[in-house]
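The entries follow in the order in which I went through them.

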Amino acid sequence: LPGYYAGPLRPQVHYSPPQGFMNDPNGMFIDVDGLYHLYYQFNPTGLVAGNVHWGHATSEDLYTWTNQKIALFPDRPGEQIFSGSAVLDPNNTSGFFPNQTNGVVAIYTLSTGSGQEQVQEIAYSYDNGYTFTKYAGNPVISAGAKEFRDPKAFWHEETESWVVLVAFSQEFVISIYTSPNLIDWTFASNFSNAGLIGLQYECPNLLQMPMEGSHEPMWLLYISINPGAPYGGSIGEYFPGHFNGTHFTAVDAVARIADFGKDNYAAQFFYGIPANENQISIAWASNWQYTNNVPTDSENFRSVMSLPRYNYLTNATRIGYQLVSVPYNIESIFEAQLVSNDSLGNGTVFVDYSSIESGALYFEANVTGLSDMASLQGSVNFTFSSSVSGESVRGGTDLLSGTTWVDRGETRGFDNPYFTDKFSNSAVYDGSGLWRISGVIDRSIIEVFVNGGEESATNTFYPNSPLDTMALSARGLMRLRMLRWRFGA
Ligand code: FRU
């Protein structure tokens with residue numbers, strides 16, 4: 001499938017489909033050669049949601065992607081291949097792979113139309129996930145339910161069993177099933193009515209997650225909610241806890257929100273990363289409230305993925321368990337520093353990046369010497385603006401009011417009542433005198449990270465003229481590292 005990736009709104013380091021409409025990431029796994037496979041909810045024939053196939057792309061570094069042929073197609077008119085996951089079956093538990101150790105099994109929801117039952121099906125691949133054969137005995141899980149979807153499967157070492165989570169979306173139930181072979185599934189337990197419920201639970205994930213400073217095996221249940229998120233539309237929440245192979249128990253009843261921007265939904269975690277390592281996720285960088293209307297149709301695509309994120313749990317000041325999430329291996333893909341690691345002092349630095357053809361930048365401001373009231377007020381601020389139209393995206397932290405914020409309202413390319421523009425979150429300051437803000441801006445998306453990923457905000461924005469100038473100011477002493485993207489210029 002050919003794609004036109006040069007349009008002014010088309011991000012360069014965030015994955016987007018060659019053409020058509022994309023939503024959730026699906027089936028993310030690492031193959032036997034270490035290649036990352038990303039599938040995604042894909043309408044290859046239109047620019048709005050529907051006609052869902054599994055699109056496919058592969059990458060060695062999670063930033064430069066090769067588009068592959070569509071991996072899963074509906075068989076009949078009205079059918080759609082909804083979200084799901086993929087696993088490797090090296091021991092041939094399924095029986096599909098008598099002659100190989102690199103077999104891949106995908107598990108997904110078959111939708112046959114609204115008001116119809118949703119069922120879970122599997123398909124197997126002999127060629128590392130490029131082509132799939134649907135299992136003749138499908139479906140493998142059916143519960144007579146109309147809103148029952150998004151299976152996420154994994155191998156549970158201790159019980160030597162497959163586990164899958166499926167959402168009974170409108171009952172706010174995540175059901176856990178187990179299986180010896182990925183075909184015959186037995187109901188094990190329900191996790192239900194916890195945290196924020198919104199109006200639906202979607203796209204559950206369950207995986208072991210490293211905990212900073214501890215060897216205790218912790219687990220993370222991640223649930224996406226749409227509609228009915230507190231900021232409107234779609235959002236992700238997570239529950240740290242414990243899992244024994246059949247039951248998940250959260251550490252407490254707290255709903256923890258994963259990202260305080262409005263464009264981070266349906267996150268999925270890669271299958272195949274060792275349990276004691278930081279786990280990698282990718283989310284869909286959009287929101288169901290307005291995704292079908294964003295003004296990228298002129299460039300023949302709609303929606304991009306978030307950056308790949310590295311995740312682990314930490315014990316945070318006051319709030320306890322917190323999921324830390326930062327761009328994976330970010331410095332490996334950006335080159336030459338525009339502003340070196342110098343101390344810039346109090347004040348404002350301006351950087352004209354109009355010569356950087358990609359328009360994609362990584363920035364990182366380390367502010368030190370935050371002490372008196374004056375330095376805590378408006379502690380650090382950034383503005384990315386267009387020298388042509390004056391449009392801008394802004395953000396920063398004010399430690400006096402204890403807030404980090406992002407404002408996309410000064411861009412004028414998209415007018416929609418749900419495309420709200422200002423987001424903020426409590427800035428939990430430990431009094432150390434240090435504060436760090438970093439982020440990636442990439443044509444029509446910005447991801448901001450506080451203190452190395454304690455908080456994050458993902459927001460799309462649609463300027464009429466490309467942003468090309470950065471202003472960064474701090475009331476403490478500032479060190480700014482700003483990197484441009486290697487591939488674009
Ligand atoms: C989440 C979702 C899933 C569903 C898919 C359909 O964004 O609604 O629950 O499987 O998208 O494309």
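How many of the residues of strand 32 (residues 455–460) are buried? I looked this up and found that six of its six residues are buried, so the strand is mostly covered; a residue is buried if 20 or more other C-beta atoms lie within 10 Å of its own, exposed if 12 or fewer, and partly exposed in between, with C-beta atoms placed from the backbone. Strands here are DSSP runs (E, at least two residues), numbered from the N terminus.

Before going on I noted the ground rules. This is a predicted model, in which local features need pLDDT of at least 70 and side-chain atom pairs count only at pLDDT 80 or more, while totals for chains, interfaces and linings use all residues. Residues are numbered from 1 along each chain as its sequence is written.

**Strands 31 and 32.** I then checked the two faces of strand 32: Glu455, Ala457 and Asn459 point one way, Ser456, Thr458 and Thr460 point the other way, and all are buried. In a regular strand the side chains alternate between the two faces of the sheet. Strand 31 (residues 445–450) pairs with strand 32 in the antiparallel sense over six bridges, where pairing requires that DSSP finds at least two bridges between two strands. Ile445 stands opposite Thr460. The two strands form a hairpin with four residues between them, and Asn451 in the turn has a positive phi of about 45 degrees.

I next followed four strands that form an open sheet in the order 9-10-11-12, with antiparallel pairing. Strand 9 (148–156) and strand 12 (186–192) stand at the edges, each with a single partner strand, so one side of each is left without a neighbour in the sheet. Inside this order, strand 10 (residues 161–168) and strand 11 (residues 173–179) pair over seven bridges, and Phe168 has Val173 in strand 11 as its bridge partner.

Asn23, which lies in strand 1, counts as buried because it has 22 C-beta neighbours inside 10 Å. Leaving out residues up to four places away in sequence, Asn23 touches Gln41, Ala49, Ala266, Trp284 and Ser303, contact being C-beta atoms, placed from the backbone, within 7 Å. Ala266 lies in strand 18 (residues 265–269) and is buried, with 26 C-beta neighbours inside 10 Å.

**Backbone exceptions.** Most residues other than glycine have a negative phi, and most peptide bonds are trans. Against that I noted Ala266, with phi near 55 degrees, and Asn300, with a positive phi of about 65 degrees. Asn300 is partly exposed, with 15 other C-beta atoms within 10 Å. The peptide bond from Asn138 to Pro139 is cis, with omega near 0 degrees, and so is the bond from Asn226 to Pro227, with omega near -10 degrees.

How values were computed. Contact = placed C-beta atoms within 7 Å.
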